[in-house]
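Please read these notes with the sequence and the model open beside you. They take the ligand site and then the helix packing.

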Amino acid sequence: MINLVKGTHDVILDEAKKYEAVESVFRDLASLYGFKEFRTPILEHSELFQRSVGDSSDIVRKEMYTFLDKGERSLTLRPELTAGIMRSIVNNKLLALDEGPVKAFYLGPCFRYERPQAGRYRQFNQFGIEMVGINDIYRDVEVITFGYHALKVMGFENLTLKINTLGDKETREKYNRALKEYFSKHIDSMCGDCKERFNLNVLRILDCKIKEDQEIVKNAPKIQDYLSDNAKDRFERVLESLKELNIEYEVDQNLVRGLDYYSDVVFEFHYTSKKGVNYGAIGAGGHYSNLFRELGGNKDLEGCGVAFGIERIVSVLEDDGSLEKIKNSVNVYIMPSSDVTRSFASLLAKELRTNGASTDICYENKSMKSMLKKADKLSAIVGIILNDDLLKENKTIVKNLVTTEQEEVSTEHLLDRVFDILVSEIKKKEAEDHEHEEDCDCEECHHHHEE
Ligand code: AMP
């Protein structure tokens, strides 16, 4: 028998369905936000990652699957996808005409030689988006909003969005000097990795996971005190905009991210499952300024992206028991009771789906009670009950499955009424989620109101 390669895993049978469920939430939402899919190669020239993810990052230093092919080229199995997307934007001259932004989404395997543990594999899947073009805080905000929205759709309730700014070039130069000065007094007692980081990129030390080192990191200078006016203003505007959108965040001044290409806003989505298992960040991203030029682009363009670990999301949702809901959920469930009403149901479903409402129909001959049970299982918001007598008078019964109120609606006004209910229930749910975070005493929500 030949075993799996360490750190890899099979996704088979019902397991694959879980992945598909999570992936399709991402894909559908990405299309809704106007992102287009990019499928770039798994194999890239090693230089691509050295120049983008950066020589001082743990990923490039220790974690890449790099080898020489038979033509003596140094190739690498991609450890992340942003670099490949940027390479492809440059190669295909997608931004040559100033027609920004390019809005890309991707989904596929990444490879990192890491120590395997819960939520950490050597081959894992990432979904992500990139928005590349001019520098505009609202683009960053849209990327964060997308991430937040996707996780909410999947049922993550007490989500923590940790956010920080790495400032602009001027900020980082000043801050690096301050960090060097501070850590030079402590570096002798710090771990071997930190010693290397001290020379390569001192900012990386803030990311050290070793307890004793973290104590030293706690008292290190804070980037907030070194921000240029520009960088400060930019960060404040991002935070302001998130507030307006009701997106809760927590500023974490030690958040630096492990990849060299970031500047200005960086962020991570954290979530602990209801059973208390913490899988680390389930998604993370940030703004980048030099990547386009670094990879051969001919102007200064900026970008922002976020990437999610599919394995981690599946594990958390599974722990929470919420995978079933995503796998099955629809907005509208149609419940016909005869062949005549079934054929009307097909037409109606087509209309609803064309207008963007996910819809399912019960085609089996079932009692009203069991159809309503199914609607509940699907987490449907609106139920449409069809029977012969009413349909003869061009009438249907529309049931708001959240409030359980039902009413007769003429077929002429049916679509409008269904969408009214959908919109108002989705809004109500959002407001409730928000309130929950304000009232709740649990640790995650507690952070939020301290902000
Ligand atoms: P990064 O590209 O390091 O910013 O990671 C983005 C996301 O990918 C993380 O938040 C994780 O959810 C996921 N991820 C990163 N490394 C791994 C890994 N070794 N195994 C599983 N998921 C990972």
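1. Basis. This is a predicted model, in which local features need pLDDT of at least 70, side-chain atom pairs count only at pLDDT 80 or more, and totals for chains, interfaces and linings use all residues. Residues are numbered from 1 along each chain as its sequence is written, and side-chain values use heavy atoms, with hydrogens and water left out.

2. Residues around the ligand. The ligand is surrounded by 15 residues, where a residue is near a molecule if one of its heavy atoms lies within 4 Å of it. The closest are Arg112, Glu114, Tyr121, Gln126 and Arg257.

3. A polar contact here is a pair of N or O atoms within 3.5 Å. Gln126 places a polar side-chain atom 3.0 Å from a ligand oxygen. The protein buries 93% of the 480 Å² that the ligand exposes when taken alone; the areas come from the Shrake-Rupley method with a 1.4 Å probe.

4. Make-up of the shell. Strands are DSSP runs of E with at least two residues, and helices are runs of H or I with at least four, both numbered from the N terminus. Two or more shell residues come from each of β6 (123–133), β10 (278–288) and β11 (302–309). Which element gives the most to the shell? That is β10, with 4 residues. By class the shell has 6 nonpolar, 4 polar and 5 charged residues; Asp, Glu, Lys and Arg count as charged, Ala, Val, Leu, Ile, Met, Phe, Trp, Tyr, Cys and Pro as nonpolar, and the others, Gly among them, as polar.

5. α1 and α11. Helix α1 (residues 14–32) packs on helix α11 (residues 310–320) at an angle of about 110°, with the axes 10 Å apart. Axes are lines fitted to C-alpha atoms over the stretch in contact, and angles run from 0 to 180 degrees between N-to-C directions. The angle makes α1 roughly perpendicular to α11, a term for 65 to 115 degrees; under 35 is roughly parallel, over 145 roughly antiparallel and the rest oblique.

6. α5 with α9 and α1. Helix α5 (residues 137–153) and helix α9 (residues 229–244) cross at roughly 45°, their axes coming within 10 Å. That makes α5 oblique to α9. α1 and α5 pack at about 135°, with axes 10 Å apart, and are therefore oblique to each other.

Key
Polar contact = N/O pair within 3.5 Å; in protein donor to acceptor, adjacent residues only side chain to side chain.
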